[in-house]
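Hi,

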Amino acid sequence: MCYLNINNMRKNSVPETQEVVLIGAGIMSATLAVLLKKLYPTLAITVYEKLDVISGESSNAMNNAGTGHAGFCELNYTPQNEDGSIDIKKAIDVASSFELSREFWSYLIKNNLIDNAEDFISATPHLSFVWGKDDVNFLRTRWETITTHPLFKDMEYSEDPEQIAKWIPLVMKDRKPGEPVAATRMESGTDVNYGELTRKILLNLMFNNDIELHIAHEIKDLAKQTDGSWELKVKNLTTKKKFTKKANFVFIGAGGKAITLLEKSNIKEAKGYGGFPVSGEWLVCNNPEVVEQHQAKVYGKAKIGAPPMSVPHLDTRRINGKTTLLFGPFAGFSTKFLKNGSYWDFMGSMRKDNIIPMISAGAHNVPLTKYLIDQVRQSKEDKIATLRDYFPDAKAEDWDEELAGQRVQVIQKDGKGGALKFGTEIVCAQDGSIAGLLGASPGASTAVSIMIGLIQRCFPEQFDSEWKTKIQDMIPSYGRTDLDEAHYLNSRQNTAKILSLIPKTLNTQHKEVASSYVS
């Protein structure tokens, strides 16, 4: 029998059923729910979601990048050092984590825990594209460095305009002749609809009576009880009725709102944390003929001072069964912590313990503030001008503006007062009874790795005694240190087959655009 890792429960007899509450019906809660049910089948898991839909915020297809972030094309994951060398550590970490995600999703498909992989994942090449002598030199050095690792061994590189035009014809058509350009390409890239994946996981669990799922339910407050459990105050937003729910373990996966709920928990580990909200906006192509001519995810370099979520990309997406072409996201500022949140979220999150870190982080990130002000002031014409850096022939009438997701970047107390952090971070109580997820990209793509890490921290005894072995049965690459090129090749081939990742060939119109390139 496995018991939840709560100190006072070790001293007493433990009942057969343990109550777990997951706050937020996004990809993190869905991943944690299915993992916990496989590791500890008798758990009673309840999921509460404030919206009246599953995955309506950060996991929604229009609210995240959907790239299947694997470090292949995201240049902000490979910063350049002062000596000109490239640091590839984060790219390797992200790529390794995404391999775990692919293996876990394949496990879910093989075991009929979800179906129809093509509904949420499709083969889509990942490319990095740059222009100008300095950025070409950067990309070449990055390619030379990163391809020494087996995860990136099959990355292609070219400075030949005609070759790049075959990969991404829209990007090269009518580009300035003689301009230095370079691109890298990973054919094994993917597009992932995390909203659809989340719905598949949670609905399957619900239909099999493995979880209770309640939408339009808001957690108003939560408090630790003397017996070590948690009492949550819940409001049914449909009936307006309020009730309480007890839980032995609570996970706060509520997107940007997680910071507020962690503050209400009063755990010491959450002291000093703050959040800085950043909004986003896409340009979405409304011309099917243009959409058909681009079948790739093309990432460039972020401007100086830009947050990671604002790395520009011309992005093929499959949303609700339809192929879509997006460009952006353009950053902005909103005091909301969620797209469907309140304008009072930012001010309401300020506490005595985080006000100094938040002020300090602001003082140390003046370029970011200026960047966000400039972004907010941009007109559609300004955004189209930026798009033309990646698609020179873009026509304004072919593109519509649409809101992207809301992100809350982590602010954490440090020796200098406070620092703005990018990425994701788990905040976990010492006794393992509650944990919350803060931050943003590459979040969804690495959800499997993040949630396994959370389980290891919150339930260390069970993890070390038997759960790690169970996880390795589900995810063969997890915990191994002997992974080589042959292993990754075999893993990618196996998961590609199970997930129906068949590379798309260029259609006739796409080929015609490529052949029309004139150097």
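Isoleucine 252 stands opposite glycine 436 in β21. In this predicted model, that pair belongs with strands β12 (residues 249-252) and β21 (residues 434-439), which run in the parallel sense and share 3 bridges. Strands here are DSSP runs of E with at least two residues, helices are runs of H or I with at least four residues, and both are numbered from the N terminus. Two strands count as paired if DSSP finds at least two bridges between them.

A word on the ground rules: residues are numbered from 1 along each chain as its sequence is written. The model is predicted, with local features needing pLDDT of at least 70 and side-chain atom pairs counting only at pLDDT 80 or more, while totals for chains, interfaces and linings use all residues; side-chain values use heavy atoms, with hydrogens and water left out.

**The sheet and its helices**

Both strands sit in an open, mixed sheet of 6 strands, ordered β8-β2-β1-β12-β21-β20. Its edges are β8 (211-214) and β20 (424-428), each of which pairs on one side only. On average, neighbouring strands of the sheet are turned by 15° against each other, direction ignored.

Helix α2 (residues 27-39) lies across β1 (19-23), β2 (44-48), β8, β12 and β21, and runs at about 160° to β1. Axes are lines fitted to C-alpha atoms, for helices over the stretch in contact, and angles between N-to-C directions run from 0 to 180 degrees. Helix α14 (residues 447-458) also packs on the sheet, where it touches β12, β20 and β21, and its direction makes about 20° with that of β20. Contact means heavy atoms within 4.5 Å.

How many of the 13 residues of α2 are buried? The count is 12 of 13, so the helix is mostly covered (buried is under 20% relative accessible area, exposed over 50%, partly exposed in between, with a 1.4 Å probe and protein chains only). Among the buried ones are Ile27, Met28, Leu32, Val34 and Lys37. From first C-alpha to last, α2 reaches 18 Å, close to the 18 Å expected at 1.5 Å a residue; the expected span is 1.5 Å times one less than the number of residues.

Helix α14 has a partner in α3 (residues 89-110): their axes come within 7 Å and cross at roughly 90°. The two helices are therefore roughly perpendicular to each other (65 to 115 degrees; under 35 is roughly parallel, over 145 roughly antiparallel, and the rest oblique). Where they meet, Ser97, Leu100, Ser101, Phe104 and Trp105 of α3 face Ala447, Val448 and Ser449 of α14.

**A lysine to look at**

Lysine 200 is in helix α7 (residues 194-207). It counts as buried because its relative accessibility is 12%. Its side chain reaches the backbone oxygen of aspartate 115 at 2.8 Å. Leaving out residues up to four places away in sequence, lysine 200 touches Leu113, Ile114, Asp115, Asn116, Asp119 and Phe120.

**Backbone points**

Most residues other than glycine have a negative phi, and most peptide bonds are trans. Asparagine 116, in the loop between α3 and β3 (121-123), has a positive phi of about 50° although it is not a glycine. Asparagine 116 is partly exposed, at 41% relative accessible area. Asparagine 320 has a positive phi of about 55° and is found in the loop between β15 (313-319) and β16. Asparagine 320 is exposed, at 70%. The peptide bond from glycine 328 to proline 329 is cis, with omega near -5°, and proline 329 is in strand β16 (residues 322-332).

**Across the chain**

Proline 150 lies in the loop between α4 (133-146) and β5 (156-158). Which residue is 338 places from proline 150 along the chain, with its C-alpha atom 7.2 Å away? That is tyrosine 488, and proline 150 touches Asp484, Glu485 and Tyr488, not counting residues up to four places away.

Overall, the chain has 17 helices and 21 strands, and buried residues make up 57% of its 519 residues. Among contacts between residues at least 6 apart in sequence, 73% join residues at least 24 apart.

Best wishes

Definitions and conventions:
A polar contact is a pair of N or O atoms within 3.5 Å; within protein, one must be able to donate a hydrogen and the other to accept it, and residues adjacent in sequence count only if both atoms are side-chain atoms.
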